[in-house]
Amino acid sequence: MASLKDIRKRIDSVKRTQKTTSAMKMVSAAKLRRSEDYIREATPYAVKLKSVVSSLSTRFEGDEQDTGFGRLFRNTGGKRTGVILITSDRGLCGGFNINLSKTLARQLADEEVETAELIIIGRKGNDFFKRTDHTVLANHTDTNPGEQLALVRDIVSEFTRRFEDGELDQVILAYNHFISVIAQEPVVEQLLPIKPPEAESADEREIIFEPSPEDILETLLKKYVQNQVYVSWLDTVAGEHAARMTSMDAATKNAGEIIDKLQLHYNRTRQAAITSELIEIISGAESL
Amino acid sequence: MSDQLKLEVVTPHRTVLMEDVDSVTLPGIEGELGILPEHVPLLTTLDTGIMSYRSNGKKLAIAVHWGYAQVEGNSVRVLAELAETADEIDLQRAQEAESKAKNVLDSTASSTNWEEEQSRQNKYESKLKRAFVRQKVAQFN
């Protein structure tokens, strides 16, 4: 049986762990608030860009497969796949990264894609996919918030160029959608060929384009794809902090329970030791 | 019928401006565009330049660095890569950036590779332009 000293030591160690987890929870809560602000500030741009694209979506119809922006809609049905996977750099956030990686791996298996080419943001996704048959082209870690947009631009334009040149048949984006503090959902969606958003109210009036519609649409659609990735990234960052907050909260609670149990055990053991000492003294006195 | 335009300027990072204005001048890629209420629907690419607008008799300016503008009914939406109001611009920094870019452009080619040199020139030319626009906007009022 564990001695009193051993139990005391364990209680101290669990208390220290509890301090760490509760501090991590506080830090995540603060970071979550900030990343929610980022999302809030980025939303108007994303919404407006989407509505510009959707108001023009009637113009995308028709089969201009090989000219300008038409190539971004080309559906070849092939299996050469590029993937942008957005995960977090750090762990201790429950099943956040592993759920997403598994969802993506399952989807790739369903589509019978054997070797996809991945560009991974965050260390955790890389840890998962480097052990699979898929090729990891690049892994970006520890990106500052200020550099996110530029990095997204580089990644997306590289994939877009290869898609246009016919080197890739589709490009997929995988990220965690931040629903609420307690719920994040892994999302795997198709970036290219572009699926135009539903037209809300197609403006029937003639629109003046400057320069030509082709030039505008091509860059506009690329910008739209970039923005999708950027917004998803912000979504994932917020989700990461939320997931860490909930899992650290649970850890803190569990540590509390363990401390209570150990304390009870400690008290009982101490009581038992005193009782047995008393019995020894009394029986010794009686025998005199 | 409204005689005002609803002007919105957003960037990927934030909303810069949301205001009712009387008229807007946009730095279109093919030249300046004046927008008044009841303008026909228009979609244009914006260059690096000065976007000015008139509101309550005052004329104000914003530096816009590449983007799109959509005019629809009486609303003008500007989706800019970067947009700065006059208060946000650090005039001294813009001046320094301008002289630095000028120096680089005036100096002799550092690389023998033509393409590299070309892209370097383009980069500094756009830097120069941005610095120039920033200064103009900062001194606008």
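A: This is a predicted model. The part in view is the interface of chain A and chain B.

Start with its extent. On the chain A side, 25 residues are in contact with 26 residues of chain B. The two chains bury about 2300 Å² between them. Carbon and sulfur atoms account for 59% of that area. Within chain A, the residues that lose the most area to chain B are Tyr45(A), Lys48(A) and Glu210(A). Together these three make up 30% of what the chain A side buries.

Three salt bridges are counted between chain A and chain B. One of them pairs Lys48(A) with Glu8(B). Their closest N and O atoms are 2.6 Å apart. This pair runs from helix 1 of chain A to strand 1 of chain B, residues 5-10. Another salt bridge joins the side chains of Lys223(A) and Glu81(B), at 3.3 Å from N to O.

Which elements build the chain A side? Four elements each supply at least two residues: helix 1 (4-55), helix 4 (148-164), strand 6 (208-210) and helix 5 (213-286). Helix 1 gives the most, with nine residues. By class, the chain A side has 14 nonpolar, three polar and eight charged residues.

Strand 6 of chain A also takes part in strand pairing. Three bridges join strand 6 of chain A to strand 5 of chain B, residues 42-46. The two strands run parallel. Within this pairing, Phe209(A) has Leu43(B) as its bridge partner.

Now the context inside chain B. The domain assignment divides chain B into domain 1 (5-87) and domain 2 (90-138). Their C-alpha centres lie 25 Å apart. Eleven residues of domain 1 are in contact with seven residues of domain 2. The area buried between these domains is about 720 Å². Carbon and sulfur atoms give 72% of it. On the domain 1 side, Thr48(B), Ile50(B) and His65(B) lose the most area to domain 2. Together they contribute 47% of what that side buries.

Two salt bridges are counted between domain 1 and domain 2 of chain B. Asp47(B) forms a salt bridge with Lys129(B), with the closest N and O atoms 2.8 Å apart. Strand 6 (49-55), strand 7 (58-72) and strand 8 (75-85) of chain B each supply at least two residues of the domain 1 side. Strand 7 of chain B gives the most, with four residues. That side has six nonpolar, three polar and two charged residues.

Finally, the whole structure. A search over all chains finds 21 salt bridges.

Notes. Residues are numbered from 1 along each chain as its sequence is written. Chains are lettered from A and ligands numbered from 1 in the order in which they are written. This is a predicted model: local features need pLDDT of at least 70, side-chain atom pairs count only at pLDDT 80 or more; totals for chains, interfaces and linings use all residues. Side-chain values use heavy atoms; hydrogens and water are left out. Contact means heavy atoms within 4.5 Å. Buried area is the accessible area (1.4 Å probe) that two parts lose on being put together, summed over both. A salt bridge is a side-chain nitrogen of Lys or Arg within 4 Å of a carboxyl oxygen of Asp or Glu. Ala, Val, Leu, Ile, Met, Phe, Trp, Tyr, Cys and Pro count as nonpolar, Asp, Glu, Lys and Arg as charged, and the others, Gly among them, as polar. Two strands pair if DSSP finds at least two bridges between them. Domain bounds come from an automatic or database domain assignment.
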